[in-house]
Amino acid sequence: MATFLYKLGRLAFRRRHFVALLWVALLTLAGVGAASAPAAGPSSFSIPGTEAQKAFDLLEERFPGMSADGGTARVVFKAPDGEKMTDAENKATVEKTVKELGDGSQVGAVSDPFTTNAVSKDGTVAYTSVTYKVPAMELEDSTKEALETTAHKAQDAGLTVEMGGDALQAEPETAATGEIIGLALAAVVLVVTLGSLVAAGLPLLTAIIGVGIGVSTITALANVLDLGDTTSTLALMLGLAVGIDYALFIVSRYRSELAEGRDREDAVGRAVGTAGSAVVFAGLTVVIALAGLAVVNVPMLTKMGLAAAGTVVIAVLIALTMVPALLGYAGRKVRPAGEKGKLLGRGKAKGSTKGSTTDSTEESVKGSTEESVEASAVIKPNMGSRWASFVVRRPVAVLLFGVVGLGAIALPATQLELGLPDDGSQPTSTTQRRAYDLLSEGFGPGFNGPLMVAVDAKDSASPQEAATAVTDEIKGLKDVVTVTPATFNKAGDTAMITVIPKSEPASTQTEDLVHAIRDAGVGVTADTDAKVLVTGATAMNIDFSQKLTDALLPYLALVVGLAFLLLIVIFRSILVPLKAALGFLLSVLAALGAVVAVFQWGWLAGPIGVEETGPIMSMMPIFMVGVVFGLAMDYEVFLVTRIREAYVHGEKPNQAVVTGFKYSARVVAAAAAIMMAVFAGFIGSGESMIKMIGFGLAIAVFFDAFVVRMAIVPAVLALLGDKAWWLPKWLDRAIPNVDVEGEGLRTRDEAASKNAAEDDEDRELVRA
């Protein structure tokens with residue numbers, strides 16, 4: 001692996017014009033494709049195999065005119081204090097509003113609250129439902145404007161009017177300002193780490209190009225593959241983070257190779273051969289984790305994972321080819337490690353020689369010797385090596401502190417409540433939330449989460465009796481406020497019953513009611529041969545959460561298992577991969593605990609901008625497991641490969657830990673800081689889902705990089721000693737040697753030096 005990538009890096013360095021043009025051409029092609037592609041339609045949300053999805057599909061098939069996937073709006077009216085909605089003037093205003101809402105080519109139906117019993121018992125609140133012929137995302141702007149204009153007219157007449165429903169969905173607000181701040185912070189970290197604007201600019205430039213290609217490709221294919229906005233946001237988030245990090249690792253290793261006196265082409269080859277090998281395997285773990293989301297069998301998650309994985313693959317390829325090409329263009333502007341430009345107020349390192357920045361591939365032996373002497377003078381204990389020395393002296397204390405600390409932070413995760421966001425989770429400043437609250441006030445909290453019961457009586461001898469039996473069973477259950485009479489389709493073989501619970505949609509009581517209706521349906525099926533299915537937004541949320549919970553362990557087994565095998569190949573060890581997996585579990589549990597504390601309990605909600613607390617998004621745990629696992633293995637590979645490199649080259653276990661930290665701790669810390677800055681930029685998003693993902697990933701990176709990898713990992717390696725690198729002989733013979741540490745390059749150098757020495761001896765003999 002290292003030898004192949006060494007050759008690839010040198011080739012990209014020499015053929016930099018071709019490589020740069022190739023990537024620019026790909027970016028242009030993707031951009032043109034995105035600009036010319038038709039606008040993406042609505043992203044469908046389905047949960048194959050669940051009862052709620054089966055019921056939804058059944059109703060859509062048997063009630064073709066009801067537009068089961070059509071957009072909906074609910075306009076809620078409240079009378080002024082001391083008045084009722086049934087007062088003549090207020091009633092006239094509502095009837096006029098209903099008539100105006102019915103105008104429009106996309107409107108399917110509008111209900112009259114005075115004929116559909118949609119007025120609260122105290123007469124102060126009423127609502128009208130608007131059903132559209134097309135899905136919410138296909139509604140024209142003129143249709144949405146007509147809805148808002150009509151509602152405002154009723155407000156002008158003296159009523160309190162609020163609106164809810166998916167018809168009010170707007171394009172998600174972007175966190176453009178936050179993203180810019182995140183990139184700016186990343187740029188500052190890069191400048192401090194690499195010492196010059198040019199060196200810092202390379203990772204930023206290549207990451208932006210990679211993200212541009214990835215996101216543009218997703219945009220171009222969005223309509224064909226039914227990709228939602230969240231898909232491109234996730235690709236942007238991960239693409240920027242890993243793109244910057246992967247380029248940073250290669251540029252940093254390149255500078256280290258220059259400091260050892262190598263010419264630039266050889267330094268590029270060695271950087272790609274060593275750090276590039278780590279990039280390949282780190283990227284592969286991220287791809288495994290993201291692509292593994294397909295096992296959940298939720299199309300939306302599968303598409304998100306595959307699209308983000310594709311962007312990561314692009315980031316890896318750019319790091320291996322475009323970064324070496326740009327280093328060729330940069331020339332002497334990227335200095336060896338230990339040298340700083342005027343930007344940071346420092347000149348060259350003490351003892352620096354002119355030969356250290358030469359571009360010639362035929363440097364004199366004298367120049368190389370001088371640079372080697374210089375490099376040895378430059379290499380001194382740094383913060384990374386001092387920290388590692390402290391850890392290996394007190395491994396037990398550091399290990400206990402890290403494990404207990406993360407364990408304490410993970411405790412809130414035991415109170416995790418899952419759900420999907422609805423209007424009740426919106427900020428109180430929005431009309432959707434105010435409409436939600438008005439309906440709860442007038443009709444009870446369960447009114448915002450009605451359950452739809454489908455009775456498939458196609459095989460029943462008496463569909464009417466079957467529907468009546470279902471209705472009677474549901475009326476006898478606890479936590480039920482209203483059960484509407486069964487509505488049959490034209491064929492008379494399918495009935496639809498609406499159930500209003502007493503409790504709010506996200507409550508455990510409503511979840512228990514859904515299960516109780518399904519249990520009661522089993523008895524009805526046995527008696528009448530009619531199938532009873534429960535659906536609706538609330539039932540969908542319950543089934544979705546359950547499906548994700550059921551898939552979590554198989555997903556963990558698949559992803560962690562594959563990555564465990566991959567890490568065995570990389571590190572040629574059993575205990576190191578095991579330690580990596582356990583450390584990941586600790587960091588992801590701590591991150592989930594932090595998410596629960598902020599978004600569910602409301603701790604630090606104000607500074608983070610969380611306006612409304614509530615259940616954690618259902619997909620958050622499994623999503624965080626996938627993404628955080630990939631990123632955690634990034635740091636594991638980059639840090640531990642350098643430690644193993646020192647160990648393989650003859651150092652004692654504890655000294656290898658110190659050496660590995662000397663060369664990689666600063667870069668890993670910078671990479672983690674960059675990822676945190678990029679992810680934190682998305683906390684400013686107006687969409688709660690993106691805000692939660694941004695916070696969760698940022699805090700997870702902090703825990704994993706600075707606690708697990710920087711503290712727990714060296715402590716465990718110090719305690720294990722030589723045993724950390726133990727591998728059964730039979731397994732050592734069975735697995736391939738991928739040479740991530742660049743041992744093949746070292747052997748190649750030794751062979752070249754030996755041949756050169758023999759040639760010198762032959763020439764001396766000839767002269768003699």
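In which helix is the place of Ala319? Ala319 sits in helix α10, which covers residues 299-330; helices here are DSSP runs of H or I with at least four residues, strands are runs of E with at least two, and both are numbered from the N terminus. The model is a predicted one, so local features need pLDDT of at least 70 and side-chain atom pairs count only at pLDDT 80 or more, while totals for chains, interfaces and linings use all residues. Residues are numbered from 1 along each chain as its sequence is written, and side-chain values use heavy atoms, with hydrogens and water left out.

As for the overall picture, the protein has 24 helices and 11 strands. Of its 768 residues, 53% are buried, where buried means under 20% relative accessible area, exposed means over 50%, and partly exposed is in between (1.4 Å probe, protein chains only). The accessible surface comes to about 33,100 Å², and carbon and sulfur atoms own 59% of that; the areas come from the Shrake-Rupley method with a 1.4 Å probe, and for residues only the protein chains shown count as cover. A contact is a pair of heavy atoms within 4.5 Å. Among contacts with a separation of 6 or more, 79% involve residues 24 or more positions apart.

Ala319 counts as buried because its relative accessibility is 1%. Leaving out residues up to four places away in sequence, Ala319 touches Tyr246, Ala247, Ile250, Val279 and Pro324. The C-alpha atoms of Ala319 and Ala247 are 5.2 Å apart, although 72 residues separate the two along the chain. Thr311 is also placed in α10, and this residue is buried too, at a relative accessible area of 2%. Setting aside neighbours within four places in sequence, Thr311 is in contact with Gly214, Ile218, Ala235 and Gly239. Leu205 belongs to helix α7 (residues 197-225) and is partly exposed, with a relative accessible area of 42%.

Next comes a helix pair. Two packed helices are described by the angle between their axes and the distance between the axes. Helix α8 (residues 229-259) and helix α20 (residues 620-648) have axes that come within 13 Å and cross at roughly 5°. Axes are lines fitted to C-alpha atoms, for helices over the stretch in contact, and angles run from 0 to 180 degrees between N-to-C directions. Helices α8 and α20 are therefore roughly parallel to each other; angles under 35 degrees count as roughly parallel, over 145 as roughly antiparallel, 65 to 115 as roughly perpendicular, and the rest as oblique. On the α8 side, the residues that meet α20 are Leu234, Leu238, Val242, Asp245, Tyr246, Phe249 and Arg253. Their counterparts in α20 are Phe623, Val627, Leu631, Asp634, Tyr635, Phe638, Arg642 and Glu645.

On to the charged pairs. The whole structure holds 21 salt bridges, each one a side-chain nitrogen of Lys or Arg within 4 Å of a carboxyl oxygen of Asp or Glu. Lys579 pairs with Glu636, with the closest N and O atoms 2.4 Å apart. Lys579 lies in helix α18 (residues 575-600) and Glu636 in helix α20, so this bridge ties together parts that are 57 residues apart in sequence. Lys579 is buried, with a relative accessible area of 9%, and Glu636 counts as buried at 1% relative accessibility. Glu636 has another partner: its side chain meets that of Arg709 in a salt bridge of 2.6 Å, N to O. That pair links distant parts of the chain, Glu636 in α20 and Arg709 in helix α22 (residues 688-720), 73 residues apart. Arg709 is buried, as is Glu636. Salt bridges with shared partners also join Arg253, Glu257, Glu260, Arg262, Asp266, Arg270, Arg642 and Glu645 into one network.

Elsewhere, Arg518 bridges to Asp543, with the closest N and O atoms 2.9 Å apart. Arg518 and Asp543 are both buried.

Finally, the surface. Phe18, Leu22, Leu26 and Leu29 make a nonpolar patch of about 410 Å². Patches are made of residues with over 30% relative accessible area and no salt bridge, with like charges joined within 9 Å and nonpolar side chains (Val, Leu, Ile, Met, Phe, Trp, Tyr) within 5 Å. Leu29 lies in helix α2 (residues 16-36) and is exposed, with a relative accessible area of 61%.
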